[in-house]
Amino acid sequence: MTFIDNKEQSPEDGAFLNKENCMAAYSIREAFQEREKTFLSGFAVLSSATQGRVKPEKDCSIRTPYQMDRDRIVYSNSFRRLKHKTQVFLSPLGDHYRTRLTHTLEVSEIARNIARALRMNEDLAEAIALGHDLGHTPFGHGGETALKEIYSADFSHSDQSLRVVDVLDNKGEGLNLTREVRDGILKHSKGFGDIIPSTPGQTAMTVEGRIVRVADIIAYLNHDLDDALRSGVITCDEVPVVCRNTLGENHSERARVMIEKVVANSGPENGEFKLLLGDDILKAMTVLRRFLYEKVYRSATVHKEFVKAKRILKELFAYFISNPDKLQKELGKMEMADWDPEVDSIERAVCDLIACMTDRYALDFYYRIFLPSPQV
Ligand code: MG
C-alpha cells in the first residue's frame, strides 16, 4: 500500500490519501470506497451500496463493511474451531490432509482470484468464503447426516452457518454481518445439484456469492481428489480419462485450468453477469464429482468411519437431552449463550451445541462420559 504526499489529491483520483488528509476530509475507508467505484465492474457490489446490518453500526474509518465482516469471521471462535473439523478423512493423523479450515482458506483464495480477475468485489467474496462453512458439524458430512436423522431432515450446514453468524457466535450476540455476506453464506451450498444452477432462487443475490459457490466446488473437487490419492483410497489410473485429459494430471494444473476457464467464459449476457465454465470443463468436473462420490465419499474406507461418527453424535445428542444441566455447562465452555427454554427447544439447543463441536471435542467428551477411566 502506498501513501502519497500530495495533499491536493482527492479520492476521486483513485489514490490512497496520506494520514493528515484522511483526518481532514476523507477517511481511508471512504478513499477505498471511491476507488471501488472507479475500478470494479458495474456488476460488482460496491461496499458503499451495502444493504447494511440488522443492527446498524457506525462506519469504520479504515475498513469497508465487507472488510469488517471478513475480520469478524477470522477472529471468531467458530472460525478457529474449523481447524479440528473433518473435511473428508476423519481426524486425520497425516499432517498433509485437509481440514475444514484449510478447505475454507483454499475456497477463499480461489474466490478472491476469480473475483479480482472479473473485477468483482474481492473483499465481499473473501468474507463469504471465510464464513461459508462455519456451521459445519464435526465429522464432515457424516455429522451432518446424523443431525438430519436425529434433529431434523431440514438440517443443513449452510443454514447452520447462517445461524452461527446471526445468533450463536460471540456469546449469543452473533457477528451482525452485512446482508450480502449473510446471503452468500446461506446460498453457497450445492449438495449434488448442478455445478452452475439455473434456478434464480437457489443462487446468491450477488455475483460475488455465486463466485464462492463455484470456488467451493473447484476447491473440494481438487483437494478431495488430492487427499484421496494420498490416502490410497484411489490411484491415479482410476481417475476418469476425460478428467485427466481436460483438467490436467496434477492438483495445481487442475485448479489453474478450472479457475482460468471460469474467468475466460464468464461475462455479461442480456443485462446480467453469467458465471460459466465452458461445456468441456463443466462435463469433466461433473464426471470428476460423480467419481469422487462413488469411489471416495461412499467408499468403504471413508464410509465405515462416518458410521462410527454418526453413532457417537447420536449418543451425545440423547445424553444432552436427558441432562440439561450438562448442556448448559458445555454451552458455557464453548462460549455460547445459555439455553433459554422460552426461545429454543432443548433439541434445537443440543443440535447447536453438537454442530459447533470439533471432532476432537466430540470424541473427548464421548470418552469421558461413556468409557471407563483407568485407575492410576
Ligand atoms: Mg465448503
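Biologist: In which loop does N270 lie?

Modeller: N270 lies in the loop between strands β1 (267–269) and β2 (272–274), where helices (H or I, at least four residues) and strands (E, at least two) are DSSP runs numbered from the N terminus. This is a predicted model, in which local features need pLDDT of at least 70 and side-chain atom pairs count only at pLDDT 80 or more, while totals for chains, interfaces and linings use all residues. Residues are numbered from 1 along each chain as its sequence is written, and side-chain values use heavy atoms, with hydrogens and water left out.

Biologist: Why is N270 called exposed?

Modeller: The scale sets buried at under 20% relative accessible area, exposed at over 50%, and partly exposed in between, with a 1.4 Å probe and protein chains only. N270 has a relative accessible area of 76%, and therefore it is exposed. Its phi is near 50°, a positive value in a residue other than glycine.

Biologist: What makes N170 partly exposed?

Modeller: N170 has 41% relative accessibility, so it counts as partly exposed. N170 is found in the loop between α8 and α9, and its phi is near 60°, again a positive value in a residue other than glycine.

Biologist: Which atoms coordinate the magnesium ion?

Modeller: The ion is coordinated by NE2 of H103, NE2 of H132, OD of D133 and OD of D216, at 2.2 to 2.5 Å. Donors are N, O and S atoms within 2.8 Å of the metal (3.2 Å for Na, K and Ca), and the site may look incomplete because water is not among the atoms. Along the sequence, the donor residues follow the spacing H-x28-H-D-x82-D. H103 and D133 are both buried.

Biologist: What is the distance between the closest N and O atoms of R230 and D226?

Modeller: These atoms are 3.5 Å apart, and R230 therefore forms a salt bridge with D226. Both residues lie in helix α10, 4 residues apart, which is about one turn of the helix. R230 is partly exposed, with a relative accessible area of 39%, whereas D226 is buried, with 17%.

Biologist: What places F370 in a nonpolar surface patch?

Modeller: A patch is made of residues with over 30% relative accessible area and no salt bridge, like charges being joined within 9 Å and nonpolar side chains (Val, Leu, Ile, Met, Phe, Trp, Tyr) within 5 Å. F370 has 34% relative accessibility and therefore passes the area limit, while still counting as partly exposed. With Y367, I369 and L371, F370 makes a patch of about 330 Å², an area that comes from the Shrake-Rupley method, in which, for residues, only the protein chains shown count as cover. F370 itself is in helix α17 (residues 359–370).

Biologist: Which residues touch the most other members of the largest nonpolar core?

Modeller: They are M285 and L316, among the 99 residues of that core. A nonpolar core is a set of buried Ala, Val, Leu, Ile, Met, Phe, Trp, Tyr and Cys residues joined through side-chain atoms within 4.5 Å. Helix α10 (residues 207–231) gives the most to the core, with 12 residues.

Biologist: Why is the core said to lie between domain 2 and domain 3?

Modeller: Domain 2 (65–302) and domain 3 (304–370) both give residues to this core, so it lies between them, the domain bounds coming from an automatic or database domain assignment.

Terms used
Areas by Shrake-Rupley, 256 points an atom, 1.4 Å probe, with all protein chains shown as cover. Salt bridge = Lys/Arg side-chain N within 4 Å of Asp/Glu carboxyl O.
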